[in-house]
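Colleague: I would like to learn how to read charged pairs in a model. Please go through the general idea and then the case at hand.

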Amino acid sequence: VFALVITTTFTSCKKEKDTIAIIIVKDTNGNVVSGVKVELFPEPTISQNGELPLSSLSKDKFTDANGKAEFNYELEVILNVKASQTVGNDYLEGVSIIRLLKGKEITKVVEISVI
C-alpha cells in the first residue's frame with residue numbers, strides 16, 4: 001500500500017512541458033540580428049460571439065545577441081509574428097505565422113529586410 005501511494009503521488013505530480021515559441025531573426029544575408037523587436041499576436045478578428053482575441057496572447061520581446069527571442073504560452077495557438085527594427089533611416093521588417101503545439105518547443109526563423 002505504501003509503495004502504491006508513493007508511486008501514485010510522484011507520477012501524478014509531473015509538470016506539463018511548457019509551450020514555447022522561439023523566434024530567430026536573420027537578415028537577407030542569413031546573419032542573426034540582435035535588438036530586433038519581435039511581436040507575437042493573434043489574428044485581430046472578431047469571433048461569432050462578438051469577442052476579440054485574448055490580449056494576453058499578444059507579447060513582445062527584443063532579440064538577444066544570438067538573434068533569438070523566446071516566448072512561453074499555456075495554450076496551443078496560431079499567432080502572427082512581426083519582427084521590426086530601425087537602422088539609421090531604414091526600417092526593416094519581417095512577418096510570419098507560427099503554430100504552437102501544447103508542450104512543444106517550436107522554432108521559427110524570420111527574415112527581415114528593408115521595406
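This is a predicted model: local features need pLDDT of at least 70, side-chain atom pairs count only at pLDDT 80 or more; totals for chains, interfaces and linings use all residues.

Colleague: With which residue does Glu 76 form a salt bridge?

Modeller: In general, side chains of opposite charge can pair when their charged atoms come close. Here the partner of Glu 76 is Arg 99, and their closest N and O atoms are 3.8 Å apart. That falls within the 4 Å cut-off for a salt bridge. Arg 99 sits in strand β6 (residues 90-100), while Glu 76 is in the loop between β4 (68-73) and β5 (77-87), so the pair links distant parts of the chain, 23 residues apart.

Colleague: Is Arg 99 buried or exposed?

Modeller: Arg 99 has a relative accessible area of 52%. The limit for exposed is over 50%, so Arg 99 is exposed.

Colleague: How many salt bridges does a search of the whole structure find?

Modeller: The search finds two. One of them joins Lys 82 to Glu 93, with the closest N and O atoms 3.7 Å apart. Lys 82 belongs to strand β5 and Glu 93 to strand β6, so this pair ties together parts eleven residues apart in sequence. Lys 82 is partly exposed, at 25% relative accessible area.

Colleague: Which residues is Glu 39 in contact with, leaving aside neighbours within four places in sequence?

Modeller: Lys 82 is among them, as are Lys 59, Asp 60, Asn 80, Val 81 and Ser 84. Glu 39 lies in strand β2 (residues 37-41) and is partly exposed at 22% relative accessibility. Its C-alpha atom is 6.4 Å from that of Ala 83, a residue 44 places away along the chain.

Notes:
Residues are numbered from 1 along each chain as its sequence is written. Side-chain values use heavy atoms; hydrogens and water are left out. A salt bridge is a side-chain nitrogen of Lys or Arg within 4 Å of a carboxyl oxygen of Asp or Glu. Helices (H or I, at least four residues) and strands (E, at least two) are DSSP runs, numbered from the N terminus. Buried means under 20% relative accessible area, exposed over 50%, partly exposed in between (1.4 Å probe, protein chains only). Contact means heavy atoms within 4.5 Å.
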